[in-house]
Amino acid sequence: MKPLSFLSKLMIFTIAVSTLPVLFIGTFSYLTSTREIQKNVNRSKIELISQINSNVERKLTTVNQTLNQVVNSTVLKRALQNPLTESDFKLYNDLRNEIRNMQSFDTRLEDVVLINLQQDWMVKNSGLYRMSEYKDRKGLERLMDTPNDTTWMLTPSSWFYSEENADSAPCHYSISLIKKLPVSSLHKYGLALANFPACSLQDVVATDIQTEDIVIVVDERGQILMHPDPSQIGQQLEETGWEDTSLLADEAQPSGQFQTNIGKKAYAVTYLRSQLNGWMYLSVTSIGSLTREAGKIGLFTFYVCLFMLVLSIGLAWFGSRRMYSPIERLLHLIGRRKTDVRRGHADEFELIGEEYHRLFQSKSQLETEVRQHIRQVRAFSLIEAYQGHYTKSQLLEKLEQYGYQEQIHAWRTMAVFTLALDFTEDSAYAKKDLNLLLFAAQNIIEELLDPQSRFTPVIMDQTIVTLIGSPEEGPDSFRQAVYAWTEKLQHEIHQCLKVHVSIGLSLPFQSIAKLPIAYREGMEALKYRMKLGTGVIIQYENLNSGKHVLNVNYPTHKESKLLDAIKLAETEKAKEVNARLFNSLFSQELSPQEYQIPLTRLLNNLLVMMQEAGIALHQIRPAGSGSLFEEMLGLHTKAEIEDWFWTTVIQPMIRIFNNRQNAQYQNISEKIIDLIHHEYDTDLTLEACAARLHYNANYISSIFRKETGYSFSEYLTMYRFKMAKEWLRNTEMPVKEIAAKLRYNNSQNFIRSFRKVEGMTPGQYREAESAHSPGNIRKSI
């Protein structure tokens, strides 16, 4: 066949078939693009409402935290026990200050309302009210019937503006965080409400997220909390024209998509259920807008396909004309010419096929020669692996390269055994026969042991070494199987070669990275032939108490001191102990790989302590920063590693523990002061307070002095003297009775103590105070 004829046929065929892929690609692209639009829309909607959910929950969490500070404050606790009359102005003013502190820019609260049904009062922005006289008291009292002590609820804004101009409310509804009071009592008789306008939720969409979709938030009862149309807030979804909301009631589906009709129009709805309070976040998109996008893509696909068709025909025309040139060059490379094609060959490809057939024959001969040498290369690589010359990744790569991938993935338990020949005086062989005998023993091992349960045995330092494995994880059954193999092997070698052998067994292990350690254990076990004699099977676990050969002297005591210093937030001590700990670790003679063991152990123990203390990883490290272990193993010098541990792990943990201690100290001091104020007239002791608060006495003593500047006994004495002066000024109570109430053994001790502090006796103090007007300002601690 002439080259021109072949070229013409090739060109015609190429042009004919070039149109089919273009049509197929166009149709497939259109369908795929439509599906991708739907997927992308769904994905973007989920991201949209997830972001809105995150923004709203961040705001709700801030409101909850600030309200918790108010309801747990000592000011509110005292206020709940008082009727808040005109004489309680200072207490009322302190209470108003607590409320105003909540209404910051971060919380954006419109009003904070405190209600005491027992004492018949209500405090809010506009002042103090009597609940019995309040217009909407019945609606507020019904909030006590909510099942939970803490609840988010949509409430009418008029409830909180009923005593003023109700039209001044910024929105018809408010979202209220309701907490029953007192928080620590089983009997609830009060309420704390943090209110912000439901309309303000729309700011989350309007300012933070730019979207054309309708975003709606409903509570767990289906009541609308957020809507672009404020008039629909407070209504049920069914009341606004929704035909199908059944999927929203299924709590087993926290998120998803469905289609429904709203006002006789089809919409695609993407929803997400909040894990915080059960609110549903809905993104509503018109189906019509989606179909318009698909039509645009269809038109675009048509023009693209037309362009591709024209381009394909052009490329087929020019490509076919140039396609023959590589064939001509290939003929030239194999030493043939066009004239050879005409002599006994159908076309150029038949001639090229014959030449490649001869090349494949040469390749087969080369492969046969390579297989003869592959055994030696594999043995050399295994020797390098046993000696620990590879990193873990290199080791896995080498083993997979030489055909051990199936075994290392199937095995769950492995061990290395080392076999040595024992020459005795009655042996029939001499030392010069050792290499021959080792070769024969190597062949016996390959015949007796299944290739799927072993590596190829290799000869190292006049010892045969191999790795055996099993898919079983039980160490006991694995030990029994290995011991049975070695006994059988020992017997067969003795029967065939008439020579005794000793076998050393390593500890079982699960990770192939421990191969060098196991080899050293097997060799170490063989050394005990000096004590045990010849022809023995020696298990390393019987020699080293079941421990691996690597003996790292880990500074456990220093680590414990470091963990204690971190928990106590003692920065300087922690830094000092950290330096001594790393000096101990790096004073040992270990390889770089072996240093990873104690460093990984230290990092793991720090993370365990962090988890037990309830500290999340994102509190000390930004999310998405990667693995701490990988980052640590990428460091190379002692200074880098020590500094990394301090700045990345230890110092952030100390900061968190310090913040916790400050909050805990203040809470403990307040509880002790409350006990003193209520039980000063009893035999109150520091030990009794510690037992009731479940703390060590020395611990709370140091905390109390740190927070107040006084010891427990000093503060108790000061408060008792304060009460004594109150009684001396305002009552006719005898001094002897006052001394008894303040737990003095006799009145003389009280008089001496009083004179030491005030510079006069109780009687003199009473006479001096009676000479002044009763309106004097009273001293307090």
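Student: Which residue in β10 does Phe258 stand opposite?

Tutor: This is a predicted model, in which local features need pLDDT of at least 70 and side-chain atom pairs count only at pLDDT 80 or more, while totals for chains, interfaces and linings use all residues. Residues are numbered from 1 along each chain as its sequence is written, and side-chain values use heavy atoms, with hydrogens and water left out. Strands (E, at least two residues) are DSSP runs numbered from the N terminus, and two of them pair if DSSP finds at least two bridges between them. Strand β9 (residues 255-262) runs antiparallel to β10, and the residue opposite Phe258 is Val269.

Student: How many bridges join β10 to strand β11?

Tutor: β10 and β11 form a hairpin with six residues between them. In its turn, Gly278 has a positive phi of about 80°. Strand β11 covers residues 280-286 and runs antiparallel to β10; the number of bridges is seven.

Student: Why is strand β10 described as largely enclosed by the rest of the structure?

Tutor: A residue is buried at under 20% relative accessible area, exposed over 50% and partly exposed in between (1.4 Å probe, protein chains only). Strand β10 spans residues 265-273, and it is largely enclosed because the buried residues number seven of the nine.

Student: What span does helix α25 reach from its first C-alpha to its last?

Tutor: Helices are DSSP runs of H or I with at least four residues, and the expected span is 1.5 Å times one less than the number of residues. Helix α25 (residues 747-758) has twelve residues, for which 16 Å is expected. Its span is close to that, at 16 Å.
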